[in-house]
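Subject: Structure for you to look at

Hello,

Here is the structure I said I would pass on. My notes on it follow below.

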Amino acid sequence: MKSKKRRNTLRQSLAVFRYSGRAINLVWTTSRTMTIILATLTLVAGLLPAAIAYIGKLIVDAVVASSQGKAGGDSFVNIYPPLFYVGLEAIAVALLAASQRGLTISQSLLRVLLGQRVNVLILEKALTLDLAHFENSEFYDKITNARREASIRPLSLVNRTFGLVQNALSLVTYGVLLVKFSLWAVVALIVAAMPAFIAETRFAGEAFRLFSWRAPETRQQQYIENLLGREDYVTEIKLYQLGEMLLGRYHNVFNQLYGEDRDLTVRRGLWGYLLGLVSTAAFYVAYAWIVIETVFGKISLGDMTMYLTVFRQGQSTFASALTSIGGMYEDNLYLSNLYEFLEEKVIQPWGNVTRGSKPQDGIRFENVSFTYPGSSKPALRNISLHLKPGQKLAIVGENGSGKTTLIKLLTRLYTPDSGRIFLDGVDLQEWNVDALRRRIGVIFQNFVRYQFTVGENIGVGDVENLDDSKRWQVAAQKGMAQQFIERLPQSFGTQLGRWFKGGQELSGGQWQKIALARAFMRTQADILVLDEPTSAIDAQAEYEIFNHFRAVTQNQMVFLISHRFSTVRMADKILVIDNGEVVEQGTHEELLADGGHYARLFLLQAAGYQ
Ligand code: ADP
């Protein structure tokens with residue numbers, strides 16, 4: 001039982017080195033030259049201090065020898081040996097300074113390179129993740145943990161590992177010098193150092209656990225910073241006078257975190273001091289021992305000088321080794337977070353079909369059901385529908401009835417739990433994702449308002465033709481955005497949004513027209529998905545847009561989600577969903593004649609317009 005506990009303690013202490021290898025590998029692959037320089041300089045900087053201490057001894061011994069010669073009545077005093085050693089020490093000190101400066105320079109450069117490298121690794125990984133990952137708050141914590149301090153931790157670990165090697169080299173060489181005095185002194189010093197070492201790793205582990213648990217709070221703080229600092233939130237926060245309340249929450253989160261921090265820091269400091277005292281005491285006992293030996297003439301004055309230097313520097317080297325270890329533990333644990341994120345398993349899409357077997361079949365849903373991860377209630381239940389090439393489908397239903405979810409399944413952002421979706425006779429899962437996505441143009445309710453130029457905002461609809469200004473114009477015309485774009489100060493070259501210099505803000509309706517144009521950039525897309533694309537556009541303009549829309553999308557399948565029946569009625573087919581289930585399906589006329597759900601909602605809205 002006891003030995004198991006001891007083994008655990010040992011393992012916990014050795015965990016300090018767990019990620020050092022990976023960190024060094026990361027640095028090595030980032031820049032080989034720089035790693036070699038760093039390693040060499042570390043070696044030099046580790047060995048020189050002991051050499052300097054030894055030269056110090058040689059100086060004193062040489063001085064003593066010379067002055068004894070003089071006292072002995074020699075007429076010739078040889079001052080050259082001491083001076084020679086002084087010169088040698090000066091050179092060694094200059095070399096040490098050079099290696100330390102070199103270390104600082106290469107560390108600064110590596111920090112920049114490594115920061116970029118790690119950030120790119122994180123972003124590349126983020127690109128491979130599913131939507132579900134981003135909607136999961138635990139996973140979000142992982143990303144937050146990985147991104148926070150991403151640019152400094154790996155290098156910090158490498159620096160500390162190398163720093164520790166440097167310190168260890170110095171301590172070993174000091175030890176070699178000391179062994180000549182007494183092996184027991186060396187052993188006693190090592191044993192006395194152990195408690196401080198173990199305490200340091202323990203507290204560092206605790207600090208890390210605190211730091212990972214806190215990801216949700218840290219994220220909350222960041223969110224509030226975001227709310228208070230971003231232009232898109234400013235109007236509402238001012239008008240609802242939310243500023244004070246948000247700042248209050250920010251303070252509360254901080255106070256809670258600070259309390260925990262303070263306790264740990266104080267505890268860590270006190271224990272570190274007390275256990276450090278043990279090793280300091282051991283140091284000074286050995287120190288006294290050396291002084292006594294010198295007084296009794298058992299060792300030379302030069303030896304004593306050397307031992308004194310070794311002791312003074314040994315003490316500070318030891319302290320800095322302890323600090324390295326404490327920090328390394330945190331770095332290690334940070335890196336474990338980073339690698340946990342980078343190694344998160346992502347199911348690779350396996351489909352490779354690029355062309356369907358029955359191009360005339362269009363899109364088919366067969367008994368599709370879906371429940372969001374972590375939710376107990378299905379968002380969609382037994383959905384079946386069929387849309388032939390060129391047909392337009394409108395989806396009607398109350399908020400939360402599952403319309404957007406249906407679109408997420410169609411675009412393969414999520415996979416159905418049961419049932420299947422076919423495109424041109426082939427199951428969506430068997431399609432090559434890129435080929436599939438090329439065929440779909442989507443405008444979601446929360447489409448992105450890129451802080452780019454107007455042209456690029458449209459161009460992102462087809463990234464391969466992002467800068468093709470002719471295509472922008474055609475797409476803008478189809479999305480009915482041409483007119484207002486031409487009135488903008490630099491037309492398609494106008495910077496949008498307020499983040500960057502000269503940015504112009506658009507109205508909600510204008511942004512929606514840009515989004516519509518964006519979907520038309522995808523000329524290869526024969527499936528258009530519009531999730532309430534015109535909610536910010538007035539009813540008259542919407543009616544015009546859709547009349548026009550029908551004309552420009554004759555060969556395309558359209559999935560349209562809208563709450564406006566004037567638009568919905570133009571669709572070839574209407575699907576009414578309620579609570580995740582299809583309750584009615586048919587043309588406008590058929591559904592009206594049925595006198596069901598749709599008819600009731602239609603008449604309600606029509607009455608509102610009269
Ligand atoms: P609609 O588009 O018809 O307004 P949605 O398809 O967005 O409705 O939502 C359908 C149901 O699924 C709702 O009950 C909603 O709360 C739930 N839901 C939507 N998105 C998520 C999600 N990412 N995670 C869990 N539940 C969700």
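I begin with a pair of helices. The axes of α6 and helix α9 (residues 215-229) come within 9 Å of each other and cross at roughly 80 degrees; helices here are DSSP runs of H or I with at least four residues, strands are E runs of at least two, and both are numbered from the N terminus. Axes are lines fitted to C-alpha atoms, for helices over the stretch in contact, with angles from 0 to 180 degrees between N-to-C directions. From α6, Ser137, Tyr140, Asp141, Thr144 and Asn145 make the contact, and from α9, Ala215, Pro216, Arg219 and Gln222; contact means heavy atoms within 4.5 Å. These residues divide into three nonpolar, four polar and two charged (Ala, Val, Leu, Ile, Met, Phe, Trp, Tyr, Cys and Pro are nonpolar, Asp, Glu, Lys and Arg charged, and the others, Gly among them, polar).

Please keep in mind that this is a predicted model, in which local features need pLDDT of at least 70 and side-chain atom pairs count only at pLDDT 80 or more, while totals for chains, interfaces and linings use all residues. Residues are numbered from 1 along each chain as its sequence is written, and side-chain values use heavy atoms, with hydrogens and water left out.

Next, the cores. A nonpolar core is a set of buried Ala, Val, Leu, Ile, Met, Phe, Trp, Tyr and Cys residues joined through side-chain atoms within 4.5 Å. Buried means under 20% relative accessible area, exposed over 50%, and partly exposed in between, with a 1.4 Å probe and protein chains only. The largest nonpolar core has 44 residues, and Ile122, Leu335, Leu338 and Phe341 touch the most other members. Helices that each supply at least two residues of this core include α2 (20-30), α3 (32-71), α4 (80-128) and α12 (301-342). The most comes from α12, with 11 residues. Leaving out residues up to four places away in sequence, Leu335 touches Tyr19, Ala23, Arg153, Pro154 and Leu157. Another core lies apart from this one and has 32 residues, including Ala475, Ala517, Met521 and Val558.

Helix α4 also holds Gln107, which is buried at 19% relative accessible area. Beyond its neighbours within four places in sequence, Gln107 is in contact with Leu38, Leu155 and Asn159.

Four strands form an open, antiparallel sheet in the order β2-β1-β4-β5; two strands pair if DSSP finds at least two bridges between them. At the edges are β2 (380-387) and β5 (426-427), each with a single partner strand, so one side of each has no neighbour in the sheet. Strand β4 (residues 418-423) and β5 are joined over two bridges, and Phe422 stands opposite Asp427 in β5. Helix α13 (residues 403-410) lies across β1 (363-370), β2 and β4, at about 115 degrees to β1.

Arg412, in the loop between α13 and β4, has a positive phi of about 65 degrees although it is not a glycine, and is buried at 11% relative accessibility. Asp424, in the loop between β4 and β5, also is not a glycine and has a positive phi of about 50 degrees; Asp424 is buried at 5%. Most residues other than glycine have a negative phi.

The other sheet is open and mixed, with six strands in the order β6-β7-β8-β3-β9-β10. Its edge strands are β6 (440-443) and β10 (581-586), each with a single partner. Neighbouring strands are turned by 15 degrees against each other on average, direction ignored. Strand β3 (residues 392-396) and strand β9 (residues 573-578) pair in the parallel sense over four bridges, with Ala394 opposite Ile574. Across β3, β7 (527-531) and β8 lies α19, at about 165 degrees to β7.

Finally, Thr553 sits in the loop between α19 (539-552) and β8 (557-561). Thr553 is buried, with a relative accessible area of 0%. Leaving out residues up to four places away in sequence, Thr553 touches Lys392, Phe520, Leu528 and Val558. Thr553 and Gly390 are 163 residues apart in sequence, and their C-alpha atoms are 7.7 Å apart.

Regards
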